[in-house]
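Subject: Structure handover

Hello,

The structure is below, with the sequence. My notes on the domains, the core, the helix packing and a loop follow it.

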Amino acid sequence: MRIGLPRALLYYWFGPAWKAFLQEIRLMPVVSRMTTKEILKQGVRVGVDEACLPVKVYLGHCLNLMSECDLLLVPRIVNLRKKEFICPKFMGLPEMVKAAVTNEYGPEGKERVLVWKSEHRSFWDAPPALPDYLRKLAGPGKIKTGLHRAKQVFREYRALLHQGYLPDEAEEILAGKNVHRREQGAAGLGVIGHPYCLYDHFLNMSLLTLLQRREYNYAVFTPELFSEEELSAEVADLAKPIFWTLGRRMLGAVRALRKKHVAGIIHLAAFACGPEALIGELIRRECQSYGLPLLQINLDEHSGEAGLLTRIEAFLDLINTHAHRREGIGCG
Ligand code: SF4
């Protein structure tokens, strides 16, 4: 039985652990390939206009996987921490996927969607809603050990992200492959955003690796380099806590990055993201109050590499000017 896992949205946080669970209960995980123009086009075609870009990408991955798997595993995430919430699009994701696959494959399409729900607890506390035949096939003991294994892989994977490996590199390391650490430049640069904006190489046109290339040579810091405790501590003094988990992490990262003396911050936001409209403004004010250069980029389905490169280069020039000013070097 092949179970499809779309490589989009919070796959970048949980994917390897979902895979480990499926393997432990003797199901075969099939992960979609990296996002491509074709996948994005499919998602845009079936997604409602109001859906944000990452959700459209997710739908594209689902349609792409349908022919390669028997069932599709879709998470329904309500919250990941107590007293916090995650964007409502994660709650309605299974319904959006079911509508999209029903359009393409008819009513039997939605029967092929398995939902794994996480609410007020982690994924590893309860298994996905497996149909009876799969539950019997796996056996109750196996499901328990599967959840245990998933929790273990989740910890190992997050530890690798924390060390600065990108998600695809961390997955290769978990699979026993050798991954060379990239040389990091001397100057630090923060790149913040939701994990699916930061780590989807197609959506951000490989920005993270680009910034580390010799001609730019930055040490790149993302929110995943900080622990959950560090990020929460950074925003503990806010008069009103931010209850969006992803937003809190981004604002916490801005404060933590400032202490690392990064030269500037690039904020990658997704087109049509509701929470980002508020968090983006908070990030802008925060950077302004520190005098920290900030570039906010809105990723959309029409983003082009040339336009992005021009903006990045202009921003890096600005950073250099800013650094020279701070050091008191005349810069014209
Ligand atoms: S947080 Fe924003 S980008 Fe992420 S799913 Fe919600 S609307 Fe989309």
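Before the rest, two points on conventions. Residues are numbered from 1 along each chain as its sequence is written. This is a predicted model, in which local features need pLDDT of at least 70 and side-chain atom pairs count only at pLDDT 80 or more, while totals for chains, interfaces and linings use all residues.

Domains

The protein chain is divided into domain 1 (2-174) and domain 2 (187-326), with bounds from an automatic or database domain assignment. Their centres, taken over C-alpha atoms, are separated by 26 Å. In domain 1, 28 residues are in contact with 27 residues of domain 2 (contact: C-beta atoms, placed from the backbone, within 7 Å). On the side of domain 1 that touches domain 2, α1, α2 (37-46), α3 (53-66) and α8 each supply at least two residues. α3 gives the most to that side, with three residues. Helices here are DSSP runs of H or I with at least four residues, numbered from the N terminus.

Core

The largest nonpolar core has 92 residues. Such a core is a set of buried Ala, Val, Leu, Ile, Met, Phe, Trp, Tyr and Cys residues joined through C-beta atoms within 7 Å. Buried means 20 or more other C-beta atoms within 10 Å of the residue's own, exposed 12 or fewer, and partly exposed in between, with C-beta atoms placed from the backbone. Ala17, Cys62, Leu72, Val97, Ala150 and Val254 have the most contacts inside the core. The core draws at least three residues from each of domain 1 and domain 2.

Helix packing

The axes of α1 (residues 11-24) and α8 (residues 140-162) come within 8 Å and cross at roughly 155°. Axes are lines fitted to C-alpha atoms, for helices over the stretch in contact, and angles run from 0 to 180 degrees between N-to-C directions. α1 and α8 are therefore roughly antiparallel (over 145 degrees; under 35 is roughly parallel, 65 to 115 roughly perpendicular, and the rest oblique). Residues of α1 that meet α8 include Phe14, Ala17, Trp18 and Phe21.

Leaving aside neighbours within four places in sequence, Ala17 is in contact with Ala150, Val153, Phe154 and Tyr157. Trp18 is in helix α1 and counts as buried, with 23 C-beta neighbours inside 10 Å.

The second pair is α3 and α5 (residues 93-105), which pack at an angle of about 45° with their axes 10 Å apart. These helices are therefore oblique to each other, and their crossing is right-handed. Val55, Leu59, Cys62, Leu63 and Met66 in α3 meet Met96, Val97, Ala100, Val101, Glu104 and Tyr105 in α5.

Loop

Most residues other than glycine have a negative phi. Met205, which is not a glycine, has a positive phi of about 55°, and phi of Ser206 is near 55°. Met205 lies in the loop between α10 (195-198) and α11 (207-212), and Ser206 is found in that loop too. Met205 is partly exposed, with 18 other C-beta atoms within 10 Å; Ser206 is partly exposed, with 13.

Regards

Notes. Contact = placed C-beta atoms within 7 Å. Left-handed = near helix turned anticlockwise from the far one by under 90°.
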